[in-house]
Structures are given as structure tokens and as C-alpha cells.
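Here is a set of questions to work through with the structure open. Each answer ends on the item asked for.

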Amino acid sequence: MGPQHPFTHGLWTLKVKVDGETIVDAEPIIGYLHRGFEKLCENRNFPQIIPICDRLCYVASMSWDHVYVSAVENTFGIEVPKRAEYIRVIALEVQRIASHLIWLASFMTDLGNLTAFLYAMREREMFIDLLQALCGARMTYNYPRIGGVSQDMPRNFPHQCTKTVDFFEKRLKEYEYLIEESEVFRIRTQGVGYLRASDALNLGVTGPALRGSGVPVDLRKTDPYSAYPELDFEVAVEKDCDVYARYRVRMNEMKESCNIIRQALKNIPAGPVLGKAPRHFPRGEGYARTEDPRGEAFFYIQADGTDRPYRVKIRSPIFVTVSAAPAILRGYKVADVPSIMGSLDMCLGESDR
Amino acid sequence: MSSAAYLPVLIFAVISVLFVLVSFFVSALLRPTKREPLKETTYECGEVPIGDTRIQFHFQYYMFALIFVIADVLTVFLALWAFNFSAGFTPVNILMFVFTGLLVAVVLYALKKEEIIWI
Amino acid sequence: MTCAWASRTGDTLINYLYYIPNTIATAILSLLHINLPQLNYLLTWVIASVMLIIVIMVNVIIFIYVERKELGRFMDRRGPFVVGPAGFFQNFADAFKFLIKEMILPENADALGFNSTLVIIVASSLMIMTVVPQAPDFFYTNPDLGLLLAFAIFAIEPFAVVIAGWASNNKYSLLGGFRSTAQMMSYEVPMLITIISVVILAGSFNFSTIVNFQSSHVWFVIPLILGFIVFLIAIVAEIERIPFDTPDAEAELVHGWMTEYAGIKFALFQLTSYVRTFAGAAIMVLIFLGGWTGPFLPPIVWFYIKVYAVFTLFVWLRASLPRVRIDQVLNIGWRSLLPLSLFNIVIAALLRISGVFH
Amino acid sequence: MEEVITTKKKKVGLLGYAFKPMWISLRTMIRTSLAGGKPNTLLYPEEKLDLPDDFRGELGLVMDRCVGCESCARVCPNKCLDMMEDDIGGGLTKWMPALDLAQCMFCGLCVEACPSTALHMTNRYETATLDRNDKIFKPHEWALKPEDAPDQHPFPYPELYEINCTGCGACDRACPHDVIDMVSIPGTAKKRPNGTFGPEKKIPVFDYELCVSCALCVDACPFDALDMLPRSTTASDPVVQIQLQPQVQITKQEVSV
Amino acid sequence: MSVDLIGFTIVAAATLVLALMVVMSREIVHSALYFAGVLIGIAILFFIMNAVYVGIIQILIYVGAVVVLILFGIMLTRRNILLG
Amino acid sequence: MIPVTYVLGFSALLFVIGVFGVLYRRNAIMVLLSIELMLNAANINFVAFSNTATGPNPAAVTAAAANGQVFALISIAVAAAEIAVGLAILLVLWKSRDTIELNEVATLRW
């Protein structure tokens with residue numbers, strides 16, 4: 001199943017060795033989208049890297065901006081205003097919902113239900129509108145800045161946001177009716193794509209795939225960053241280890257995200273949104289890790305005293321998750337490939353870099 | 001049973017084959033033809049086709065055909081029975097009921113036993 | 001037991017699909033001063049065939065349009081709306097685009113298998129409609145064994161699909177062909193057994209007789225609700241629509257056995273699938289939903305109303321359900337539908353024996 | 001073949017087989033077509049999205065406001081802005097940025113960097129052309145009328161964090177327009193053990209009438225003692241003597257926009 | 001010669017030619033394809049000889065099932081099913 | 001009405017072709033196909049004779065026709081079963097010997 005296959009969201013190849021219709025072995029081949037991101041960063045100064053981080057993952061740009069910015073802040077010890085942290089959390093959660101929605105859309109298309117695809121895209125549009133109101137762009141946000149965010153939220157944003165979230169929770173119930181209440185969906189997902197918790201940990205799988213295997217690891221809880229320690233939320237964990245569990249994890253996460261957004265909007269303090277960023281960066285190295293919609297994103301920066309990073313290293317969650325694909329796929333049918341790989345939420349921009 | 005009513009079907013078959021050929025011909029008049037070796041490669045998702053296409057299929061598929069043949073022959077006799085159905089508990093009907101019941105039992109047993117080999 | 005829907009079913013009406021061609025043929029032959037009954041017969045049926053093909057094509061185009069629009073509404077969007085009034089001519093534009101697309105014969109493909117199967121599939125699918133009457137005054141031919149013949153023609157396609165998949169020299173095509181055939185075969189058996197239950201009640205394989213029987217008694221959907229459900233699932237699987245479109249599941253096998261077909265060939269295959277849909281819906285209407293019977297309106301209008309209602313049901317299913325996996329498809333076919341259809345036969349026979357239907 | 005582990009399946013209820021999904025899609029259909037509703041589609045060429053004011057679309061340049069400071073060209077990650085001489089009408093020429101929109105990634109950094117709000121992102125987003133060269137603009141080709149651009153906010157001017165300043169004079173050397181003079185502060189000279197006085201501490205003093213807000217001094221400062229802050233140009237006294245206001249501690253609250 | 005006979009002759013001749021091609025064809029899948037043609041031809045002959053039910057069953061069982069069975073057999077017992 | 005001799009001639013020719021195929025082709029599946037041809041030739045004979053049954057009593061004619069056709073039906077069913085079993089044997093042969101060329105499996109015991 002090559003780069004131009006209808007089910008590959010992005011460019012990648014899955015070489016599948018089959019016996020009849022049963023998969024004997026699978027080998028994901030990535031790298032079609034390699035843009036030399038880490039090298040690209042070495043030729044740009046620190047603020048200029050932010051818009052490139054948007055391009056790491058085109059469905060979760062905000063979280064990649066955020067992980068980069070917080071890596072820089074950790075490296076140089078820059079303080080971020082409280083209000084900026086809250087706005088970042090709101091933006092991240094809105095982004096998480098949007099990303100999960102696009103996952104839902106593509107996943108349901110893989111399973112053959114175009115209706116759910118269009119419904120999910122319709123709702124994603126609302127969240128994209130939110131982000132657009134926040135930062136002026138629909139996909140490549142370039143919103144966080146080193147030491148804060150680029151601009152305060154618009155005056156009617158909290159109202160708009162609350163309205164959207166309330167509406168979305170209603171729609172989420174509709175999704176559950178449409179998708180998981182049908183027997184067809186159940187038999188396609190339950191008991192398929194079994195990933196043991198031990199396997200998942202050994203392979204380094206993170207994010208919803210890991211939580212779907214019953215391991216309650218969520219960096220928002222276990223290694224809190226930004227304004228998350230001050231917010232009250234739960235980590236969605238399912239114990240079934242199959243595709244259905246991963247689906248449930250994402251649905252519950254969307255609900256939790258709605259909660260977080262509401263709380264953050266309620267608790268948001270007044271104040272500035274952009275702290276003082278230094279124009280000159282000292283020598284140093286640092287990292288940040290955050291909970292991307294897809295797993296654990298990690299950004300390492302080594303600065304050598306100039307205005308550009310000396311070395312940048314990215315750990316993309318999908319890169320690791322894709323490597324786990326053969327272990328999950330083995331023994332299942334060819335027809336299970338879309339549902340299993342779809343449940344991993346591929347995003348090739350970040351894994352190929 | 002007279003075959004007179006079936007002859008138009010044959011005529012229609014000829015006409016429909018002609019219809020396909022005519023649409024081919026019209027398309028041949030309209031479409032461009034530029035032959036390129038790259039264009040004619042087998043579609044394998046944009047990759048160069050790999051492997052020597054030595055796919056030997058699993059035995060499972062054969063089972064479907066096998067069961068299908070049996071079931072198809074069954075329907076022939078069922079159809080005959082249905083065509084000349086007479087009401088009442090005639091021996092034919094009882095026989096057919098027994099036959100159907102046995103068949104259900106056999107099919108269910110076979111399906112249960114052969115669970116492993118389904119694709 | 002007489003039914004409320006009984007009206008306007010009679011065999012005394014003129015069959016327009018024979019009468020008009022016959023008039024034309026007679027006129028042509030009299031103009032040419034030829035007095036040859038065989039030639040008249042041949043010409044009549046040739047013209048009738050062309051007429052039937054046109055009827056089918058018009059229906060298929062409306063089907064595609066209706067499907068696009070309805071699917072759009074189900075999905076909270078608009079269907080085509082640019083070309084023509086409310087996008088009606090979009091299909092024509094698509095057809096014309098397919099017509100001027102280049103055709104490709106892939107390397108190492110088997111030309112004979114590649115092309116002849118196309119002809120077989122398209123022609124056999126078109127042929128189904130010849131034995132399916134649309135109204136007492138509008139049918140091509142109405143033989144005694146019409147129902148059985150329709151299913152016999154339905155059964156021609158599977159072997160051609162395997163050969164088409166094999167001839168394309170493509171792994172996806174081959175897998176798709178195998179799947180398609182396995183699926184069609186699996187669902188043909190419950191379907192045949194279900195129609196046998198209908199025949200037990202109606203006592204004939206003739207569509208007209210079945211419809212008349214229903215109009216004088218009751219629609220078979222009521223006594224044979226089980227059979228109706230079985231038949232609905234089986235026909236959806238047989239015509240390979242979602243949720244049973246595993247043979248051309250684009251997420252797994254790119255377009256199943258049609259992967260390598262391009263241009264007009266692909267268009268013909270798409271058209272074929274809609275022709276089969278039309279035939280399936282028509283057969284379903286005729287044997288379960290009382291055919292063309294209905295009050296006030298002419299029979300053919302009733303027939304088409306019912307056909308489009310059934311088609312809407314198909315579209316609705318497509319809009320609501322995801323795709324079933326191939327082994328699950330086959331499991332449903334063999335494990336659930338086959339026993340259910342056999343049970344249905346027992347119900348039908350008991351109904352007939354107990355004298356409710358006579 | 002590896003053994004496939006399957007978990008126990010949870011069945012949905014009797015209604016679940018197909019009816020609930022079908023009910024949802026039917027409801028959508030009724031909502032969109034029958035009950036006076038409309039589908040969610042945006043009929044694109046006729047209707048358009050209503051965009052927020054700060055939508056980041058195509059770039060536009062207000063030529064009157066441009067001061068030729070090259071801030072945008074320096075901050076652009078993709079180097080799509082390039083400075084060139086272009087005439088602004090009346091036989092006059094001016095040093096202004098040219099734009100290669102084909103390389104632009106709409107990040108908006110240049111707009112933020114522009115001290116004179118000459119750069120502005122419009123709401124135009126239909127940027128497709130058939131020829132790549134159509135999207136390479138000379139300054140006057142991507143010019144924007146001033147009334148299309150939002151109001152001009154006060155120019156930012158360099159301000160001094162006095163604590164950080166060491167008086168090294170790097171800003172003075174970097175300034176292209178002679179804005180900065182290094183001024184000694186009387187009385188700050190340290191007394192050496194031999195009785196003589198060392199050099200007095202110097203701090204930069206800005207002549208804001210000459211300043212074009214190019215921020216080169218800020219970039220040049222090795223100790224982060226300078227920052228660009230918005231400031232009214234209509235101040236009565238154009239030359240601000242920093243030493244007269246020794247308590248200028250710019251807090252973060254004032255930074256916020 | 002009646003029309004029946006003309007029809008019979010044409011169909012019979014075509015069937016015989018197809019049958020010969022079944023036997024002579026180098027490509028075994030082509031043989032199966034021609035075999036389907038032979039079966040349809042024989043079904044038409046049944047129709048001509050007023051044996052309608054047998055003709056329909058011929059199509060239903062032979063073309064619908066047996067040919068598919070043979071094709072599956074061919075596909076399953078070949079080293080290289082795609083390249084001849 | 002088609003003269004029965006014509007039909008018989010046709011079926012004889014078909015049968016000959018089948019025999020020729022059995023003798024000529026060494027592929028086991030081709031042999032099976034040829035046997036199917038021969039069975040069909042026999043079927044045609046049944047139907048042809050049933051078609052020619054004439055007599056004063058129409059019921060008798062129908063019965064005679066039905067006789068022939070029922071024979072044909074049984075023959076079709078048997079043929080279907082036969083080819084299913086035959087192919088199953090071939091598949092087992094393929095699994096154990098990796099060939100279905102009849103020349104190569106000439107030994108009776110292995």
C-alpha cells in the first residue's frame with residue numbers, strides 16, 4: 001500500500017506481506033515528506049522557527065508551536081505571563097479537539113462512512129474558526145511567541161468559545177449515536193488491533209494509543225506544564241487495548257478538552273500576554289515535552305550563544321507509533337489495515353520532518 | 001413452457017453488446033492516445049511494482065465456491081418444489097421440510113467446524 | 001383476504017414497450033415495401049431493445065443524481081449544484097469527461113480477459129432489466145420463469161469479475177475480484193432461497209402473477225418480513241454498496257477489481273453498478289412491495305415511486321453505516337442469512353399449507 | 001502466524017444494529033432539507049467566509065508609511081522580502097521592500113516587526129495564479145491604500161532599561177541615522193585611588209525626530225538594555241533626556257497591547 | 001430452413017468453435033472464459049429446444065458456480081497466476 | 001422444431017472435442033473442463049430427446065419432456081458435485097505434490 005493509496009493520510013508506504021488475506025508481516029516506510037526540518041531550524045533565528053513549527057504537523061500546528069516555544073522558554077528561563085499560559089491552554093485544547101475531529105473524519109472514511117467524515121469536518125470548522133479568531137489564520141497559526149502569545153484574545157472570544165463548546169458537546173452525543181451505536185462499527189473495531197500494554201511501553205508508543213492500552217500516562221497530569229496543574233481534569237483511559245478503546249479514548253479526551261476549555265475561560269486572570277523576550281540568547285540547552293494530540297512531543301534545543309539554535313531534535317509521537325505498526329498488524333486481515341492504522345492517527349508531517 | 005418469450009432477451013443481449021462496443025468506438029474517436037511505458041505500469045500506489053506477483057491464494061476461498069455450488073444445486077430442487085407447491089401436509093412437503101431441516105443442521109455444523117479456515 | 005391497494009392491475013392493457021416499436025417497425029417496413037414477418041419481428045425487438053436501454057440509462061442518470069443529492073442532504077451538505085438546474089447535468093458532464101479520457105491497458109495485462117469481461121459484465125447487467133416488467137403496460141418481456149431468469153442473469157457476473165481482476169495484472173484487482181466473487185456467491189444463495197419462499201406463496205415465477213397475487217391478497221412484505229430483511233441485506237451485498245462494498249473498498253483495495261480500468265470502461269462499470277441497483281430495487285419492489293399496484297396513479301408511476309423509495313433506503317443505509325469487513329460479510333451471509341432464509345421458507349410453506357394464502 | 005488476541009465484544013442493544021445511526025442521518029436530512037433548514041455547505045464562489053479583522057491573508061504595503069528600515073526583510077524566515085529602490089510617484093524614489101508572494105508563508109512576523117505599520121495583511125486569500133512570476137511584486141505593485149490598512153498605531157521607539165546599560169556604545173555604532181548620542185552622566189565618574197576621576201558613565205540619548213524605528217540598536221545591544229516601545233510622536237519635547245527620568249522601569253503591564 | 005434452425009445452426013457452430021478454443025487455448029484462464037461461452041451457448045440451445053428451466057439452471061449453476069469454482073481452482077493451483 | 005439428428009450431431013461433435021481435450025491436455029484442470037464438456041454433450045441429448053417426444057396425449061408429452069429435463073437437471077447437479085470433488089482432489093494434489101500436471105503424478109503410490 002504505497003504513497004498514493006487512498007487510505008494513507010499523507011505520504012507513506014506500508015508494505016504488507018499477506019497469506020491469503022491474513023497479514024504475515026508489515027513494514028512501514030516513511031520519509032516521503034522529509035523536509036530537513038531540524039537542519040532548517042539551524043539556519044533561522046529563534047522567533048523565525050515558530051512559523052516553521054506550524055508545518056510540522058498540519059493538523060495540530062498549535063501544539064507544535066507550543067512545544068517549541070516552551071522548549072525555548074525552558075532553555076533560557078523565560079517567564080511567561082499567567083494570562084498567556086491560560087490562553088495557550090485554551091488554544092491547545094481547541095487544537096486537540098480539532099485534531100481529534102480530523103482523526104475521526106479520516107478514520108471513519110477508512111471504515112467507509114463518509115457521513116461521519118463530513119460531520120466531523122463540519123464541527124472542525126467551528127474550532128478552526130475559533131483559532132482563526134484567536135490568531136488570524138486557519139491552519140498555520142504562528143500564535144505563541146517566546147514569552148507569551150502574539151496577541152490577546154478578541155473581546156467576544158470567551159463567549160464564542162463557550163457557545164461552540166456547548167454546541168459541540170451536543171454534537172458529540174450525536175456522533176456516538178451515529179458511530180458507535182451501530183453494530184457494524186463494533187464488529188470492525190472491537191477485538192481488532194490488539195496492543196498489549198507491555199508491548200506499547202516497550203515500543204515507546206505514547207498518547208491515545210498508549211492510554212487505549214490501559215496505561216494512564218498523560219503528560220498533562222504526570223509532568224504538568226503550562227497552566228495544566230491549576231486545572232482539574234481526568235485522563236481518559238480504556239483497558240481494552242483494541243481499536244475501539246483508542247476510539248473511546250479520543251472521544252473522552254474531546255469531552256475532557258471541553259471541560260478544560262470551560263475551566264480555563266472561567267479562571268483566566270487578567271494581565272499581559274507577552275513577556276519580555278530577550279533579543280540575545282545565551283549558551284544553553286533545554287527541552288520541553290508536551291502532550292500532543294497524538295502522543296508525547298519532545299523538543300530539544302541546544303543554543304550556542306548566537307541567535308540561532310545550534311541543534312534541534314524532535315521526537316515525534318507518530319514516528320514511534322508507526323514503528324509499532326507491524327507489531328499491531330501481524331495476524332490480522334488486510335481489511336483491518338485501515339481501521340488499525342487509522343486508529344493510530346497518522347500524521348506524516350511530524351514523523352518525516 | 002414455450003421459449004418464445006425468451007427470444008427477445010437474446011436480441012437484447014446482442015444489442016447491449018453492441019451498445020458497449022459503440023460506446024467504445026465513440027470514446028476511441030474522442031479520446032487522446034499517447035502511449036508511454038510509465039503510464040502502462042501496474043498501479044501499485046505510485047511505487048515501482050515489487051515482487052514477481054507470485055501470489056498463491058489461500059485455500060479458504062475455495063471453500064466458498066464449494067459451499068456455494070452445493071447450495072446452488074439445493075436451490076434448484078427447492079425451486080422445483082416451490083413451483084409445484086401443493087397445499088396440505090403431503091409427503092412431498094414433509095420430505096422437503098425434513099430435507100431443509102437436515103440442511104440447516106448440516107450447514108450450521110459445517111460452519112461451526114470450519115471456523116478456522118474462514119478468511 | 002383482499003387488499004386495500006388492489007387497483008389497476010390488469011393484463012389487458014397495451015404493452016407500450018412492444019406496441020410503439022412494433023408500429024415503428026411496421027411503418028419502416030411498409031415504407032420499404034418489405035413484407036417479411038420475421039424481419040418485422042426482429043426490427044420490432046431491436047427498436048424495443050434500444051428503447052429499453054434508453055429507459056435504463058435515463059433511470060441510471062436520475063439514480064446517480066438522486067443519490068448525490070440525497071447523500072448530500074444526509075451528510076449536511078449540498079450535492080452538485082453548478083451544472084444545469086440544481087446540478088442535474090453534472091452526470092452528463094461526468095459521463096462526457098469519462099468519454100474523452102484516455103484508456104490504458106496496463107503492461108502484462110491480458111487483453112482478452114480485460115476487455116471481454118467488460119462486455120460480459122455490462123451486457124449481462126443490462127439484460128436483467130429485460131425480464132423485469134415495470135408495469136402491466138410497460139414491459140420488455142414477461143416470461144413464465146422471469147424471476148428465476150433474472151437471478152440467473154444476476155449470477156453471470158461473478159466469474160467475469162474474477163477474470164477481470166486476474167487480467168488486470170494487479171494485486172488489488174486480483175484481491176478485489178476474489179472478494180467480489182466470494183461475496184456475490186455468498187449472498188446469492190440466501191437471495192435465491194428467499195425468492196423461493198415468495199414463489200411458494202404466489203405459486204409462480206412470473207412477475208405479473210406475483211404482483212397480481214399481492215394485489216389480491218397482501219404485500220409479501222407483511223407475511224414475509226423476515227424474508228424481506230434478508231433480501232434487502234442480500235441485494236445490498238449483491239450490488240456492492242456500502243455497507244457491503246468490500247470488493248472496492250477504497251481504503252483497502254484501491255478500487256477493487258476496477259482499479260486498472262480507465263476512461264469509458266470505468267464509466268461503464270459504474271453505470272453497471274447502478275443498473276444492477278435499479279434491477280435489484282425493481283425486483284424488490286415487484287416481489288415484496290406490491291409492484292405497480294396502488295391507487296389513483298398509473299401503474300408505472302407507482303412502480304417508479306416505489307423503486308425510488310427503495311433506492312432512497314439504499315442511500316440511507318449508505319449514509320449511515322460504515323463498511324463491513326470481508327470475512328464478516330461472508331460470515332453474515334452464511335451464518336445468519338442462510339439459516340434465516342431457510343427458516344423463512346418454512347414460514348412461507350406453513351402459511352401456504354395452513355391455507356392463509358391460496 | 002501470530003496468535004490473534006481478541007477481547008470480548010460488547011454488543012449494542014437491539015436498536016443499535018443500524019437504527020440509531022440511521023435515525024441520526026435521517027434527522028440530519030430532515031433538518032437540512034425539509035424543515036426549512038439549509039445544508040452546511042458554503043457556496044464558495046458566491047458566498048465567502050466572514051473573516052476576522054486580523055486575518056492573515058495576502059500582504060499589502062502602505063507606501064506612504066514605509067520608512068525603509070528593513071525590519072521586515074530581516075525578520076522574514078523565508079527571505080521573501082527584498083529591499084529595492086522604487087518610485088513612489090512624482091519622480092521620487094524610495095527604499096522599500098519587494099515581495100515574492102510565492103515564497104511567503106503568511107506567518108505575519110513582518111507585520112509585527114514593522115515599526116511604522118506600513119505592512120498589513122489583507123483579507124484576500126485567493127492567491128492562485130497560473131504563473132509563478134505573477135506573484136513576485138515590486139513595491140508599488142503590492143501597495144495598499146492607507147485607508148485599507150488599519151489605523152496607524154504609535155511608532156515604537158527604542159527605550160532604555162537603564163539597569164542593563166553599560167554604556168558600551170554598540171547602539172551608537174549600529175545606528176544608521178545618527179539618532180543616538182552617547183552622553184556622559186555628570187557625577188558618575190568613579191574616583192580612582194590616585195585621586196583622578198575615571199571616565200563617566202555614558203548612556204545613549206535618542207533624538208527621536210531622526211529615528212526611523214529600525215530597531216538595529218536593539219539588535220546590536222549585547223545586554224538587552226534596549227527595547228522597542230510604542231511612543232507618541234507628538235510629544236512636546238522630541239528629545240527625551242533619559243537621565244531626567246531615572247526611574248523608568250518599564251513593567252510588563254505597560255508592554256501589553 | 002426455419003428461423004429456429006438458422007438460430008440453432010449459428011449458436012451450435014459458435015458453441016463448437018468456442019469448445020475447440022477451450023481445448024486448444026494455451027492460457028488456462030482463457031479456457032475457462034471460453035468454457036463459460038460454451039455453457040451460455042448450450043443454455044441458449046436448451047431455450048431453443050423448449051427446455052427453459054434446464055436452460056436457466058444451466059446458467060445459474062454452470063456459469064454462476066462451476067466456472068467460478070474452476071477459476072478458483074486455477075488461481076489456487078498456479079505458481080504465477082498473473083503472468084500466465 | 002429442430003430435427004433431433006442435428007442436435008445429436010452437435011452433441012457428438014462436442015463430445016469428441018471433450019474427448020480430444022482429455023487426451024490432449026495434460027493439465028488436470030483442463031481435463032476436468034473437458035469432462036464437463038462431455039457431460040454437457042450428454043445433457044443436450046437428454047433435452048433433445050425430451051423435446052422430440054410427440055404423441056396424441058399432451059399430458060404424456062409433458063411428462064415425457066419432464067422426464068428428459070429432470071434427467072438433465074440431475075446430470076447438471078451431478079456434474080457440479082463432480083467438479084467440486086475433482087477440484088478438491090486437485091487442490092490436495094497441489095498441496096502435497098506441488099503440481100497438477102498429470103504426467104508428473106503418474107505414479108500410483110508415493
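The model discussed here is predicted.

Q: At what angle do helix 9 and helix 10 of chain C pack, and how far apart are their axes?
A: Two packed helices are described by the angle between their axes and the distance between the axes. Helix 9 of chain C covers residues 225–238, and helix 10 of chain C covers residues 263–288. Their angle is about 170°, and their axes are 10 Å apart.

Q: Is helix 9 of chain C roughly parallel or roughly antiparallel to helix 10 of chain C?
A: The angle between the two is about 170°. Angles over 145 degrees count as roughly antiparallel. Helix 9 of chain C is therefore, relative to helix 10 of chain C, roughly antiparallel.

Q: Which residues of helix 10 of chain C make the contact with helix 9 of chain C?
A: Helix 9 of chain C contributes C:Gly227, C:Phe228, C:Phe231, C:Leu232, C:Ile235 and C:Glu238. By class, the contact has eight nonpolar, two polar and two charged residues. From helix 10 of chain C come C:Arg276, C:Gly280, C:Ile283, C:Met284, C:Ile287 and C:Phe288.

Q: How many of the ten residues of helix 8 of chain C are buried?
A: Buried means under 20% relative accessible area. The residues that qualify are C:Phe207, C:Ser208, C:Ile210, C:Val211, C:Phe213, C:Gln214 and C:Ser215. Helix 8 of chain C (residues 207–216) is largely enclosed by the rest of the structure, because the number of its residues that are buried is seven.

Q: Which strands stand at the edges of the open sheet in chain D?
A: This sheet has three strands in the order 2-3-5, with antiparallel pairing. An edge strand here has a single partner strand, so one side is left without a neighbour in the sheet. The edge strands of chain D are strand 2 (81–89) and strand 5 (136–137).

Q: Which residue of strand 5 of chain D stands opposite D:Asp100?
A: Strand 3 and strand 5 of chain D pair in the antiparallel sense over two bridges. Opposite D:Asp100 stands D:Ile136.

Q: Which helix packs on the sheet of chain A formed by strands 5, 6 and 7?
A: The three strands form an open antiparallel sheet in the order 5-6-7. Ten bridges join strand 5 to strand 6 of chain A, and the bridge partner of A:Ala288 is A:Phe299. The packing helix touches strand 5, strand 6 and strand 7 of chain A, and its direction makes about 145° with that of strand 5. It is helix 3 (residues 61–76) of chain A.

Q: Where in chain E is confidence lowest?
A: Chain E averages a pLDDT of 81, and 90% of its residues score at least 70. Confidence is highest in helix 2 (residues 28–48) of chain E, at 86. The lowest mean, 82, belongs to helix 3 (residues 52–76) of chain E.

Note on methods: Residues are numbered from 1 along each chain as its sequence is written. Chains are lettered from A and ligands numbered from 1 in the order in which they are written. This is a predicted model: local features need pLDDT of at least 70, side-chain atom pairs count only at pLDDT 80 or more; totals for chains, interfaces and linings use all residues. Side-chain values use heavy atoms; hydrogens and water are left out. pLDDT is the predictor's confidence in each residue, from 0 to 100. Helices (H or I, at least four residues) and strands (E, at least two) are DSSP runs, numbered from the N terminus. Two strands pair if DSSP finds at least two bridges between them. Axes are lines fitted to C-alpha atoms, for helices over the stretch in contact, and angles run from 0 to 180 degrees between N-to-C directions. Angles under 35 degrees count as roughly parallel, over 145 as roughly antiparallel, 65 to 115 as roughly perpendicular and the rest as oblique. Contact means heavy atoms within 4.5 Å. Ala, Val, Leu, Ile, Met, Phe, Trp, Tyr, Cys and Pro count as nonpolar, Asp, Glu, Lys and Arg as charged, and the others, Gly among them, as polar. Buried means under 20% relative accessible area, exposed over 50%, partly exposed in between (1.4 Å probe, protein chains only).
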